[in-house]
Amino acid sequence: RVHGDSIITPTLMHHAVPVLELEYQEFKELLKSASSLTKELPNIVAKQGCADKVKQDLREAEQTLDRMQVHVRNLPKSEQDSWRRKIIECKDQMITASGELRRSLQLSSDGAMRRELFGDSDDESVNKPLLQVQRETQRQQLQNQTDRLEASSRKLQGVQRLAAETEDIGLEIIGELGIQRDKLNRTSDTLRLTNTSLSQSNRMIRSLISRAKTNQLLTYTVVLGLVAIILVIVYFRWIR
């Protein structure tokens with residue numbers, strides 16, 4: 001027999017794995033973007049904006065990690081351990097990335113102090129590499145954003161497939177419930193017919209019993225009448 005828990009729960013467990021894979025890829029891409037920007041941070045002119053971007057990537061990576069922990073709880077017991085180990089590794093990578101960001105900010109702060117003490121150079125030979133680094137960083141940021149959009153699109157497609165399959169399962173359950181309802185209705189009709197037949201049978205049996213009692217009473221009456229007649233005949237013929 002089809003029940004909701006016996007069908008839907010294993011299906012959700014089955015589809016939690018591809019969703020986790022997408023979340024894991026998104027986490028890796030966010031961490032890669034943050035690490036790449038962190039390495040370039042000391043050489044970038046607009047350091048505050050770049051640092052804010054790194055912090056945003058780390059926050060989104062942390063949120064993705066939280067969602068992964070929620071999905072892991074929906075997995076079968078046999079698959080939870082491996083994903084928990086991956087989550088621990090991801091947490092270690094988050095700690096490492098945060099430490100690298102702090103070190104890069106410290107290096108940037110030290111470099112700014114040196115420039116303030118010894119003066120800035122406006123020489124084109126110095127500015128040109130910085131501009132190249134900045135353009136390369138912007139190009140890398142654009143690529144990272146594109147990769148994140150593609151990952152989000154893949155994740156959305158996975159969720160849409162899961163929703164479609166869940167909808168199909170719901171329709172199957174509704175169809176099965178409709179069949180069961182028809183069976184119950186037919187059973188109820190059969191019970192009503194049986195009850196009607198039993199009532200008619202009871203009435204017929206009571207009628208037969210009543211007739212049998214009437215016939216028995218008539219038989220007793222006839223027998224008594226015959227006995228009385230015989231006694232009268234015997235009296236008048238032999239006794240008188």
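Colleague: Where do R192 and D189 lie?
Modeller: Both lie in helix 4, three residues apart, about one turn of the helix. Helices here are DSSP runs (H or I, at least four residues), numbered from the N terminus.

Colleague: How do the side chains of R192 and D189 meet?
Modeller: In a salt bridge, 2.0 Å from N to O. The term covers a side-chain nitrogen of Lys or Arg within 4 Å of a carboxyl oxygen of Asp or Glu.

Colleague: What kind of model is this?
Modeller: It is a predicted model: local features need pLDDT of at least 70, side-chain atom pairs count only at pLDDT 80 or more, and totals for chains, interfaces and linings use all residues. Residues are numbered from 1 along each chain as its sequence is written, and side-chain values use heavy atoms, with hydrogens and water left out.

Colleague: Back to R192. Is it buried, partly exposed or exposed?
Modeller: R192 is partly exposed, at 49% relative accessible area. D189 is partly exposed too, at 36%. The cut-offs: buried is under 20% relative accessible area, exposed is over 50%, and partly exposed is in between (1.4 Å probe, protein chains only).

Colleague: How many salt bridges are there in the whole structure?
Modeller: A search finds seven. One of them joins K155 to E23, with the closest N and O atoms 2.5 Å apart. K155 lies in helix 4 (residues 124-239) and E23 in helix 1 (residues 4-40), so this pair ties together parts 132 residues apart in sequence.

Colleague: Are K155 and E23 buried or exposed?
Modeller: Both are buried. They also belong to a network of salt bridges that links E23, E26, R67 and K155.

Colleague: What about D57 and K53? Which helix are they in?
Modeller: Helix 2, residues 47-72. D57 and K53 sit four residues apart, about one turn of the helix. Their side chains form a salt bridge of 2.8 Å, N to O. D57 is buried, with a relative accessible area of 0%. K53 counts as buried as well, at 14%.

Colleague: New topic. Which residues make the nonpolar surface patch?
Modeller: V222, L226, I229, I230, V232, I233, V234, Y235, F236, W238 and I239 make it, and its area is about 1,100 Å². Patch residues have over 30% relative accessible area and no salt bridge; nonpolar side chains (Val, Leu, Ile, Met, Phe, Trp, Tyr) are joined within 5 Å, like charges within 9 Å. Accessible areas come from the Shrake-Rupley method with a 1.4 Å probe; for residues, only the protein chains shown count as cover.

Colleague: And W238, where does it lie?
Modeller: W238 lies in helix 4. At 59% relative accessibility, W238 counts as exposed.

Technical notes. Helix = DSSP H or I, 4+ residues; strand = E, 2+ residues; numbered from the N terminus.
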